[in-house]
Amino acid sequence: MKMKKIYLPLVLLLLLVSYVNSDKLSLNAEKLPSDSYEIPVCQVDMPEVSYSDAIQVYNEAQNLSEQGDTRAQEVYRRAFGMFLAVSLGGNADAQFYLAYCYSNGLGVEVDNDKAAEWYRRSAEQGNSSSQNNLGVCYSNGRGVNQDKAKAAECIADVLLRKRA
């Protein structure tokens with residue numbers, strides 16, 4: 001697997017303070033060194049995660065679950081972490097699966113608020129499965145305030161996309 005280096009940026013606050021007339025503080029920003037804005041704090045080797053890798057692990061978890069294997073949740077947890085990493089990069093399909101995991105407690109505790117949020121993010125990028133599931137969230141009030149009009153709008157958008 002390809003590895004990449006991740007640098008955690010450190011927001012370096014250098015305040016050169018001078019006391020002027022009583023307790024007032026002033027910043028001398030022009031005296032900040034130009035190379036002090038981003039400093040690697042630590043270096044971590046992390047495997048580069050792809051959507052297809054996450055799907056492969058998810059399918060493995062699904063197969064274990066169907067067989068009644070107790071290791072399924074552990075594998076779902078791995079898939080969830082992979083979907084999260086890919087989702088943060090903006091992948092709408094990974095965002096759908098992340099929301100689905102939150103919705104169904106696959107590798108993570110059920111969290112309908114987070115599920116609805118990730119369905120929304122994915123739907124905004126045109127993922128029709130997320131758009132449909134977001135409509136269901138609005139219809140049932142799961143993770144969002146119940147709103148039948150928004151539910152109908154979400155589901156109508158899915159139908160219009162399929163016809164186009």
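Gln-95 is buried, with a relative accessible area of 4%, where buried means under 20% relative accessible area, as found with a 1.4 Å probe on protein chains only. This is a predicted model, in which local features need pLDDT of at least 70 and side-chain atom pairs count only at pLDDT 80 or more, while totals for chains, interfaces and linings use all residues. Residues are numbered from 1 along each chain as its sequence is written, and side-chain values use heavy atoms, with hydrogens and water left out.

Gln-95 belongs to helix H3 (residues 92-104), helices being DSSP runs of H or I with at least four residues, numbered from the N terminus. Beyond its neighbours within four places in sequence, Gln-95 is in contact with residues including Trp-118, Arg-121 and Ser-122, contact meaning heavy atoms within 4.5 Å. Gln-95 and Ser-122 are 27 residues apart in sequence, yet their C-alpha atoms are 5.5 Å apart.

The count of aromatic pairs comes to 9; rings of Phe, Tyr and Trp (its six-membered ring) pair if their centres lie within 6.5 Å, and planes under 30 degrees apart count as stacked, over 60 as edge-to-face and the rest as tilted. The Tyr-58 and Tyr-76 rings are edge-to-face, because their centres are 5.6 Å apart and their planes stand at 65°. Tyr-58 lies in helix H1 (residues 51-66) and Tyr-76 in helix H2 (residues 72-88), so this pair ties together parts that are 18 residues apart in sequence. Tyr-58 is buried at 4% relative accessibility, and Tyr-76 is buried at 5%.

Methods
Helices (H or I, at least four residues) and strands (E, at least two) are DSSP runs, numbered from the N terminus. Buried means under 20% relative accessible area, exposed over 50%, partly exposed in between (1.4 Å probe, protein chains only).
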